[in-house]
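Please go through the report below alongside the sequence and the coordinates.

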Amino acid sequence: MKTKTLIAVALASVFAVTAAAPTFAAGDPAKHEKRMHRMIKRADANGDGRVSQAELAGAIAASFAVVDANGDGVLSQSELDNSNVAYKAHRQQVKASRQSGERLAGVIRMPKAVGKRFAKIDANGDGVISKNELSRIADRMFKRRDHNKDGYISAADFKA
Ligand SMILES: [Ca+2]
Ligand SMILES: [Ca+2]
Ligand SMILES: [Ca+2]
């Protein structure tokens with residue numbers, strides 16, 4: 001018999017997630033733009049192509065829940081250090097939910113700076129980052145990224 005059985009392996013949605021982007025990536029405009037596009041896509045809850053401060057807050061809250069591996073409502077340094085594992089597990093859940101038709105949403109990544117500047121973000125110095133401590137940083141981050149100050153993060157903020 002000459003018949004060969006070809007097994008077609010369908011690679012379902014290959015997530016192009018940047019694995020632990022090194023710090024110099026921040027200076028690479030193309031990479032930065034790609035990251036921002038992905039962030040906008042995930043955080044844009046109402047689908048108008050731009051991210052409002054409330055949408056960013058919501059997206060960061062969702063990300064917070066994923067990174068908070070032990071579910072105690074605060075982030076420890078080790079939870080942030082192991083966030084890649086948490087995101088991976090979450091992606092599996094998202095995939096599974098798509099198969100069951102439930103469609104769990106993907107989350108944006110916690111900015112690397114949160115793990116790196118842990119002590120600064122931990123304003124009350126109790127060794128963990130609370131939602132309040134993080135949202136303060138998120139608001140500052142939003143204002144910094146909203147270059148044209150129109151109240152939204154959109155493609156216009158990093159093109160030009
Ligand atoms: Ca939006
Ligand atoms: Ca925790
Ligand atoms: Ca704290």
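## Overall fold

The model is predicted. The protein chain holds seven helices and two strands. Read from the N terminus, the order of the elements is α-β-α-α-α-α-α-α-β.

Of the 160 residues in the protein chain, 19% are buried.

## Helix 2 and helix 7

Helix 2 spans residues 53-67 and helix 7 spans residues 131-145; their axes come within 10 Å and cross at roughly 140°. Helix 2 is therefore oblique to helix 7, since an angle counts as roughly antiparallel only over 145 degrees. The crossing of the two helices is right-handed.

On the helix 2 side, the contact is formed by Gln53, Leu56, Ala57, Ile60, Ala61 and Phe64. Helix 7 contributes Lys131, Leu134, Ser135, Ala138, Asp139 and Phe142. By class, the residues of this contact are eight nonpolar, two polar and two charged.

## The largest nonpolar core

In soluble globular proteins, nonpolar side chains tend to be buried together. In this model, the largest nonpolar core has 22 residues. The members that touch the most others are Ala43, Val51, Leu56, Ala59, Ile60, Val67 and Ile153. Two or more residues each come from helix 1 (29-43), helix 2, helix 7 and strand 2 (152-153). Helix 2 gives the most, with six residues.

Leu56 and Ile60 are among these core members, and both also take part in the contact of helix 2 with helix 7.

What does isoleucine 153 contact, leaving aside its neighbours within four places in sequence? The residues are Ile40, Arg50, Val51, Leu56, Phe142, Arg145 and Asp146. Of these, Val51 and Leu56 are, like Ile153, listed among the core members that touch the most others.

## Two residues with positive phi

Arginine 103 lies in the loop between helix 4 (83-99) and helix 5 (112-116). Its phi is near 55°, a positive value in a residue other than glycine. Arginine 103 counts as exposed because it has 9 C-beta neighbours inside 10 Å, and the limit for exposed is 12 or fewer.

Lysine 149 sits in the loop between helix 7 and strand 2. Lysine 149 is not a glycine, yet its phi is positive, at about 55°. With 8 other C-beta atoms within 10 Å, lysine 149 is exposed.

Technical notes:
Residues numbered from 1 in each chain as written. Chains lettered and ligands numbered in written order. Predicted model: local features only at pLDDT ≥ 70, side-chain atom pairs only at ≥ 80, totals over all residues. Axes fitted to C-alpha atoms, helices over the stretch in contact; angles between N-to-C directions. Helix = DSSP H or I, 4+ residues; strand = E, 2+ residues; numbered from the N terminus. Parallel < 35°, antiparallel > 145°, perpendicular 65-115°, else oblique. Left-handed = near helix turned anticlockwise from the far one by under 90°. Contact = placed C-beta atoms within 7 Å. Nonpolar A, V, L, I, M, F, W, Y, C, P; charged D, E, K, R; others polar. Core = buried A, V, L, I, M, F, W, Y, C linked by C-beta atoms within 7 Å. Buried ≥ 20, exposed ≤ 12 C-beta atoms within 10 Å, placed from the backbone.
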